[in-house]
Amino acid sequence: MSELTATASCTAYAAVVEASGEVVPQPLVARRVAWLAALASDLTARLVAARWNPVDLDALASGVGPDGRVLPSKGWMALRRLGWGVGPPSGVHVCDRVLRCAQEQAARALRLALYRRRLVAAIVATWPQATGARTGAEWDALRALLPDGVTAADIRNRTRQVRAYHDEYGAFPADLIELEEPPDVAAQVVLAAADRQLVTLERSGSRSARLRVRLPLVEFPASGRDWAWHVLPVALPPTVTPEATLLTPTARVSKGRVRVDLPFRIPIGVAPATGHTVGCGFDWGLNTLLAGTVGELADGRVISDGRPFTYDASGVSAKLHRLRAEREHLAAKHRHLERLLAGITPADSRYAALRTAWQRIGVEHERLCARFRNLNKALAWSAARWAVDHAVSAGATIIYLEDLATLEARGRRGSVNARLSGQMRGKIVEAIRHLAARHSIAVVTVPARGTSRYCPRCGAGTSILRHCPAPDRAGERGWRWAYCPACCLSCDRDWAAAERILARGLLGQNATRTHRSTGVRTIHAVVEGNVARARPRRKLTRAARRARRTRADLHPRPAARDRAKNRPTPKRPTRTLNNPINNLNDTSAVHSANNPADQAMTSSRVPDRRTVPAPPPTSGGQRPAGHAPKPGRHQPHRTGHVRNSHHRTGFHHAKATPVLTLAKHGSGPKQATPVRVA
Ligand SMILES: [Zn+2]
């Protein structure tokens, strides 16, 4: 067993003063928590600003105190060892535990700065020769200097920052402090650094906890009498299971409410790196945000059940692009007004109006940024939850994804989904890792190169797919549909890529490497193999079993009545070895179930070829090829028909394959009929 740490954001709606039993309503308790947070963050800001210089950053980075001993891992202890104290303003009384909280927050901010400093130093040291993209060798040199687990988005953002500095000053920054001001300190109090003299936390029920904390009764407490113990009841969200261990939280005030960011630890099972038989493969799609498939490893072959999973976020993605454009527009306006303001004095008659407009646009910009951030985050978690739900429902023990580092180097551009940033994909991977860990499902990345180029059905990674606009336009060049001239495979290109990812993962399991410090699992070797599509064999129905046992006809023909019929109606030709003429969808295979010889001939293969071309787009906008039109619009509404067949994603404009528990792989619970999970 291992453990998973997560943070639940809870709200405290009221408090009770412990000594007097006085009930403190929400607005007042929020004010008192805000005073405490302001005291702590003021101390933190002064501490960080005082140490924002290369000498002190070097001292912290060295990891060794002035006495030659290694610095403690606890931030506040490390700062005390270095002798970096801070005191409250004169006349204000704060206990030593509040100073500890401030020092802890300062230590975290400074250690984060050290990380950014290492990134900037590595990027400056390996600055690319030519402007534009780095070459393969330059990437390798950069990766060698970077700390473990740096995302491509981080590298890109820091590279842009350094480039902007270089463009402005004509030289590279010597240190991070030339690039950035001391970081803004959030108004919060990191209670984890304190002890029983400032805070205690205990569970009061399976879904609630009691937070006891000493809060100031006035904005600037003058003595110990201005502090009092408050008891804050906190309701726990369902993600905090009863067996979770609660850790000391961080308190802050947001929108007039006391928010308690409560870390908790839950025991989870260990997902092994190898020995998996059922897995899911997901591709960063062009037609959809994510496309996936489930498959099984049997006798060294990968067999997929032929069910594609798609998560289409084009609507949300388009919204994100509109928000981004709007944000940049507002930022430009804000900068312009700032320039105008700098050119005039407050005595000018236009100053007041300009300043009001500048402030208003600043607020608007902030709000837009928050909206953009929240939407990004919600989409990432929704997609991750959907992917993990599919893996759980299919009984998969492993999820394979493309390696984002190799994906970044290749660069896909084009559709709305493909334009979603690498940062977004990084967030989805993180979220998938977190959610999968809760179900003991391993997440492993495989090389992205060639996943959508080669046919998953034949050639073992040598026959090249032809990409065309739609199944009935196989002769034209395009990018949404995949067609294999060698084996006539015709399917959505993202689906084909997901199958190839799955094959690379399941077949290359023995090459899985687990990173020593980050625990990230990767397969660097490319092991190619074909994926067969077949439905899992269904259990015979009771009637069919009886018919088989008694050698009776499962569907006896009614006796011929008053008809001049002197011979039996000849059977339709069934599909036999010598006569493979019938369509695979032919239902006559069922009629011959009584004959064991015939039954051996029925095929559970999923057709590789689309038998009809995709229906033409009906309403405004180009519909991705291969997607069924909305049910209910073209055909009359049937009883028992699911009106909205999409997974509930939490978005109006995100459409995803519903999570259904169909025929099972592996050892999941058996269910006879499809059950809607989400
Ligand atoms: Zn092929």
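**Reading a predicted model: exposure, charge pairs and strands**

Visitor: Is D348 buried, exposed or partly exposed, and what is its relative accessible area?

Guide: D348 is partly exposed, with a relative accessible area of 22%. The model before you is a predicted one. To read such a value, recall that buried stands for under 20%, exposed for over 50%, and partly exposed for what lies in between.

Visitor: With which side chain does D348 meet in a salt bridge?

Guide: Begin with the general idea. Side chains of opposite charge can pair when their charged atoms come close. Here the partner of D348 is R350, at 3.0 Å from N to O. R350 counts as exposed, because its relative accessible area is 52%.

Visitor: How many salt bridges are there by this rule?

Guide: The count comes to 24 salt bridges. Some are linked with one another: R80, D96, R97, R100 and D195 form a network of salt bridges.

Visitor: Are R51 and D56, which meet in a salt bridge, buried or exposed?

Guide: Both residues are buried. The salt bridge between their side chains spans 3.3 Å, N to O.

Visitor: Which parts are tied together by the salt bridge of D58 and R117?

Guide: In that pair the closest N and O atoms are 2.9 Å apart.

Visitor: Where do residues of positive charge gather in a patch, and which residues are they?

Guide: The patch lies on the surface and is made up of K539, R542, R545, R546 and R549. Take R546 as one of its members: it is located in helix 13 (residues 542-550). R546 is partly exposed, since its relative accessible area is 45%.

Visitor: How many bridges join strand 9 to strand 10?

Guide: Five bridges join strand 9 (residues 250-254) to strand 10, and the two run antiparallel. Within strand 10, V260 is the residue opposite A251. The two strands form a hairpin with two residues between them, and in this hairpin K255 takes a positive phi near 50°.

Visitor: Which residue in strand 10 does L246 stand opposite?

Guide: L246 stands opposite F264. Strand 8 (residues 245-246) also pairs with strand 10 in the antiparallel sense, over two bridges.

Visitor: How far apart are V316 and K655, in sequence and in space?

Guide: Distance along the chain and distance in space should be read separately. V316 and K655 are 339 residues apart in sequence, yet their C-alpha atoms are 9.9 Å apart in space. V316 has its place in helix 8 (residues 314-343). With a relative accessible area of 5%, V316 is buried.

Definitions and conventions. Residues numbered from 1 in each chain as written. Predicted model: local features only at pLDDT ≥ 70, side-chain atom pairs only at ≥ 80, totals over all residues. Heavy atoms only, no water. Patch = residues over 30% accessible without salt bridge, like charges linked within 9 Å, V, L, I, M, F, W, Y side chains within 5 Å. Areas by Shrake-Rupley, 256 points an atom, 1.4 Å probe, with all protein chains shown as cover. Salt bridge = Lys/Arg side-chain N within 4 Å of Asp/Glu carboxyl O. Lys, Arg positive; Asp, Glu negative; His and termini not counted. Charge placed at Lys NZ, Arg CZ, Asp CG, Glu CD. Helix = DSSP H or I, 4+ residues; strand = E, 2+ residues; numbered from the N terminus. Buried < 20%, exposed > 50% of the residue type's maximum accessible area, 1.4 Å probe, protein only. Pairing = 2+ DSSP bridges.
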